[in-house]
Amino acid sequence: MLRILMPTWQSASTRPFRTSAVGKVPVIAVTGHLGAGKTSLLNQLLRTPGARLGVIVNDFGTLNVDAALVTGQIDEAAAISGGCLCCLPDAGGLDEALEKLAHPRLGLDAILVEASGAADPLALARLIRFSGAERVRLGGVIEVIDAVEHFRTVDIWTDPPLHHAAATLVVIGKADLLPEGERDRTVERIRQRVRERNADAQLVVARQGRIDPVLVFDTVTDEDPDDQLPFAQVLRDQAPDGHANHDHGRHEHAQAASVPLTGPVSPSALVDLLEDPPEGAYRLKGRVRLRGSRAEQGYLVNVVGRMIHVDRLPEPPPTGELVAIGMQLDSAIAEQKLLAVAAASAERPDAAGLRRLRRHRRLSD
Ligand SMILES: Nc1nc2c(ncn2[C@@H]2O[C@H](COP(=O)(O)OP(=O)(O)OP(=O)(O)O)[C@@H](O)[C@H]2O)c(=O)[nH]1
């Protein structure tokens, strides 16, 4: 069974400008073995204040629709198909569902896809990445791991599971259920096994799916100015130590760094940053202005894990910003790296840098 859960608001006229009105809507796959904790994670994410989320639940999902209703994020569920997403013909109508949810009228910040426990994360990532829906981009693959059962159910062969390679973020849950004397050792063993398949995935230990939502999507309130990235909210709330400053005590906090951009940036410096983000960054986002061969141009750039996505903005933005977020990010070091991009000379035409950026843009389509 595939259900699409739609947001409560249907008209863009009552809402401010959203990044999704110009950029593509990130689609985040939530994967993990049966009972690993996917629904718990989803329910936590759906409670994020200021986030406008669409959700596609695959199979016999047990999403707590009532909880979602209470948060006011979602109000409609529709059944459109049956079976496991990656095994169904046409992926059970996934493209259609994504197209519908990504409509600019809805102004969603992100679409979460909860896969059935049987889904292959690599196949699901490909389905989303190469989806026929035009207004979406793959915004990450979250793998939820059950620390108690992992070595009995998922990681049972000599080599670590291949599917770890698909994950951008690995959430290790249920560590609280392990005997205290075994906890650190088991979590470390899981980390090492994941690392053997995937050197880039960000790993976080979380109870009942309580991760910092800024790792996954932008949040914005209706009071945010139209010309700011949704990340602006996170950063305004940012504590001096770089913590994204909200929802204290419920989860381990992500670190953030940001710099404002008052003028055009150097395409080469920007692409260097996209290809080599600050150490520990899980997401990197920017709205930038560049000197093109004839006129100034605007771009929206997103990096999740190692995935780079570049969108052209209809107009060069008057000001911009660069933001990096990650669990193991050193915000001071990251800020230096962002500042270096802001300071790189952008006076001369940079044909080589523009070519590199346009190549990333083509690959993003
Ligand atoms: N103690 C503890 N329980 C957890 C944690 N994460 C999830 N659970 C519990 O584990 C059970 C299964 O969690 P779900 O979120 O339903 O797992 P799922 O992956 O969505 O399950 P399926 O949809 O059946 O594959 C629920 O009873 C959760 O409350 C955790 O970190 N700690």
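The legends below describe close-up views of one predicted protein model with its ligand.

Residues are numbered from 1 along each chain as its sequence is written. In this predicted model, local features need pLDDT of at least 70 and side-chain atom pairs count only at pLDDT 80 or more, while totals for chains, interfaces and linings use all residues.

View 1. The secondary structure of the chain comprises ten helices and 13 strands; helices (H or I, at least four residues) and strands (E, at least two) are DSSP runs, numbered from the N terminus. Of the 365 residues in the chain, 49% are buried. A residue is called buried if 20 or more other C-beta atoms lie within 10 Å of its own, exposed if 12 or fewer do, and partly exposed in between, with C-beta atoms placed from the backbone. Among contacts between residues at least 6 apart in sequence, 79% join residues at least 24 apart; two residues are in contact if their C-beta atoms, placed from the backbone, lie within 7 Å. The domain assignment gives domain 1 (2-215) and domain 2 (231-364), such bounds coming from an automatic or database domain assignment.

**View 2. The contact between domain 1 and domain 2.** Here 21 residues of domain 1 are in contact with 23 residues of domain 2. On the side of domain 1 that touches domain 2, strands E6 and E8 (202-205) each supply at least two residues. Strand E6 gives the most to this side, with four residues. The residues of this side of domain 1 divide into nine nonpolar, seven polar and five charged. In this classification, Ala, Val, Leu, Ile, Met, Phe, Trp, Tyr, Cys and Pro count as nonpolar, Asp, Glu, Lys and Arg as charged, and the others, Gly among them, as polar.

**View 3. Strand E6 and its parallel partners.** Strand E6 spans residues 136-146, and eleven of its eleven residues are buried. Strand E2 (residues 25-32) runs parallel to E6 and is joined to it by eight bridges; two strands pair if DSSP finds at least two bridges between them. Within this pairing, Ile 28 stands opposite Gly 140 in E6. Strand E7 (residues 169-173) also pairs with E6 in the parallel sense, over five bridges. The bridge partner of Ile 145 in E7 is Ile 172.

**View 4. The surroundings of the ligand.** The ligand is surrounded by 18 residues, of which Gly 37, Lys 38, Thr 39, Ser 40 and Gly 173 are the closest. A residue is near a molecule or strand if its C-beta atom, placed from the backbone, lies within 6 Å of it. Helix H1 (residues 38-46) gives the most to this shell, with three residues. By class, the shell has three nonpolar, eleven polar and four charged residues.

**View 5. The open five-stranded sheet.** The strand order is E9-E13-E10-E11-E12, with antiparallel pairing. Strands E9 (255-261) and E12 (307-313) form the edges, each pairing on one side only. Neighbouring strands of the sheet are turned by 15° against each other on average, direction ignored. Axes are lines fitted to C-alpha atoms, for helices over the stretch in contact, and angles run from 0 to 180 degrees between N-to-C directions. Strand E9 is joined to the antiparallel strand E13 (residues 320-326) by seven bridges, and the bridge partner of Gln 255 in E13 is Gly 326. Helix H10 (residues 351-364) packs on the sheet, where it touches E11 and E12, and its direction makes about 100° with that of E12. Helix H8 (residues 267-275) lies across E10, E11 and E12 and runs at about 170° to E10.

**View 6. Strand E10 within the sheet.** Nine of the nine residues of strand E10 are buried. In a regular strand the side chains alternate between the two faces of the sheet. On one side of E10, Arg 283, Lys 285, Arg 287, Arg 289 and Arg 291 are buried, and on the other Leu 284, Gly 286, Val 288 and Leu 290 are buried. Strand E10 is joined to the antiparallel strand E11 by nine bridges, and a hairpin connects E10 to E11 through four residues. Val 288 stands opposite Tyr 299 in E11. With E13, strand E10 pairs in the antiparallel sense over five bridges, Leu 284 having Ala 324 as its bridge partner.

**View 7. Residue Asn 58.** Asn 58 is found in the loop between strand E3 (53-57) and helix H2 (65-71). Asn 58 counts as buried because it has 29 C-beta neighbours inside 10 Å.
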